[in-house]
Amino acid sequence: MSSRDIYQTPLNSRYASDEMKQIFSARTRANTWRKLWLWLAEAEHELGIPNITDEALEQMRTNINMTDESFVVAAEEEKRRRHDVMAHVHAFGQLAPKAAGIIHLGATSCYVTDNADLIFLRDALDVVLPKLAKVINNLSKFAMQYKDLPTLGYTHYQPAQMITVGKRAAQWVQEFMMDLEDIELVREALKFRGAQGTTGTQASFMEIFHGDQAKIDKLNEILCKKAGFPSCYDISTQTYTRKVDLRVANALSALGATAQRMAADIRHLASQKEMEEPFEKDQIGSSAMAYKRNPMRCERICALGRKLGTVNANFSATFINQWFERTLDDSAIRRMDIPEMFLLADSILIGLDNVTNGLVVYPARINAHVMEELPFMATENILMKLAEHGVSRQEGHEEIRVLSHQASAVVKQQGGKNDLVERMKKSEFFKPVWDQIDAMLEPKLFIGRSPEIVDKFCGPNSVVEKKLAKYKSYIDNTATAQLSV
């Protein structure tokens, strides 16, 4: 059968990058297991285990990469032995017969499965982090570009005080920065399981090294160095604690939530025709109509983010149900959830990079919406000007209340334009400030410190610039992500 005859996850066929998919491929997993067995044998040889010979190690090194033929052998062995790790041990031993008796010496299955998973977590986080940094950089530039453009701010999805387009984008940036910090934290905290034995007591290695505890510690130092980890977790059971998976999942689930929030804002702004996704010249379908450009990439981000945003619940349940030193009900779900979690994050970041690098803004449309609401917002300034002419604030409030209700009725009941300003200009009560009203309707008078806030957070020598410094090479040398479908 071809791939078209069996189910393929859309994360694999449509959304995620080859880079991320390769980390969780069958070949990478099998190759990593073989590397772990080689590293263990090399370390045990270095520490004086006599039956591990140079010839055995050389045969292991020569056959470190899993061939298609080896996969066939391993599959046949698994049918016979009903155990995937032991099947791979025997397949490796057939190619390295001098090492057949010492592959996996002193170890349990979790030596390869768990240590490999930690390697995959590390490598996958190293893919996620620079991609997220690039999204933050895109949005930070966008925020700076539009830091001065007034727009309506909303509370309860009702027009409130004015902000700027850049200030809103800076809020998105801050939330993604929180995700970056959380993901960096779990990445930096990752350790190795190492060689711990059946329940983490290292009893089997006490036998191998005849009670020499210093050699066991040295064994794990060597393994950590070979695998590129700073140290092993201080306490292990049969596995490394599934709390590690949960910490990673919590950080990535939060990224999924942030992505949904920002993409939903863009979808709403697209409905108001104030902002749109970048437009592809050959784009077709409902998203390409002249009168409406549906935010389909943001819709995809929201859909994928919805999935990623809740995946930590699975990891929490798995952690909770690890009875005592381990139960095997974690195995099947982790095989699905760990790769899927990262493929989701990767897919979302591809979409975010594509969308945030080229957002289209329509200032005239934004200004039109601003001017529909600004008369209501300007009333406080008008009242203060009237007070300078000796007009009672209480009387002014009442006059504005009456005119505002009349103007609101025109908008809501008649479908007309907000004519509050025109009503004030016709009212003798407001005659002292007639010649000042237009000047008081300048939108930039109502944006507060929005430009300065954006500058401080996103501008030169800002919080964002300093945080992204270590990702600068990636950001500067990586093209905008393109969606495959």
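Reply: A residue is called buried when its relative accessible area is under 20%, exposed when it is over 50%, and partly exposed in between, using a 1.4 Å probe and protein chains only. The model is predicted, so to speak of local features a pLDDT of at least 70 is needed, side-chain atom pairs count only at pLDDT 80 or more, and totals for chains, interfaces and linings use all residues. Residues are numbered from 1 along each chain as its sequence is written, and side-chain values use heavy atoms, with hydrogens and water left out.

Let's start with the rings. The structure holds 8 aromatic pairs, a pair being rings of Phe, Tyr or Trp (its six-membered ring) with centres within 6.5 Å; planes under 30 degrees apart are stacked, over 60 edge-to-face and the rest tilted. Trp-37 and Phe-92 form a tilted pair, because their ring planes stand at 35°, with the centres 6.3 Å apart. This pair joins distant parts of the chain, 55 residues apart: Trp-37 belongs to helix 3 (residues 26-46) and Phe-92 to helix 6 (residues 84-95). Helices here are DSSP runs (H or I, at least four residues), numbered from the N terminus. Both partners are buried: Trp-37 has a relative accessible area of 1%, and Phe-92 has 0%.

Now follow helix 3 to another neighbour. Two packed helices are described by the angle between their axes and the distance between the axes. Helix 3 packs against helix 10 (residues 213-227) at about 140°, with the axes 9 Å apart; axes are lines fitted to C-alpha atoms over the stretch in contact, and angles run from 0 to 180 degrees between N-to-C directions. The two helices are therefore oblique to each other, given that angles under 35 degrees are roughly parallel, over 145 roughly antiparallel, 65 to 115 roughly perpendicular and the rest oblique. On the helix 3 side, the contact is made by Trp-39, Leu-40, Glu-42, Ala-43, Glu-44 and Glu-46, and helix 10 brings Leu-219, Ile-222, Leu-223, Lys-226 and Ala-227. Contact means heavy atoms within 4.5 Å.
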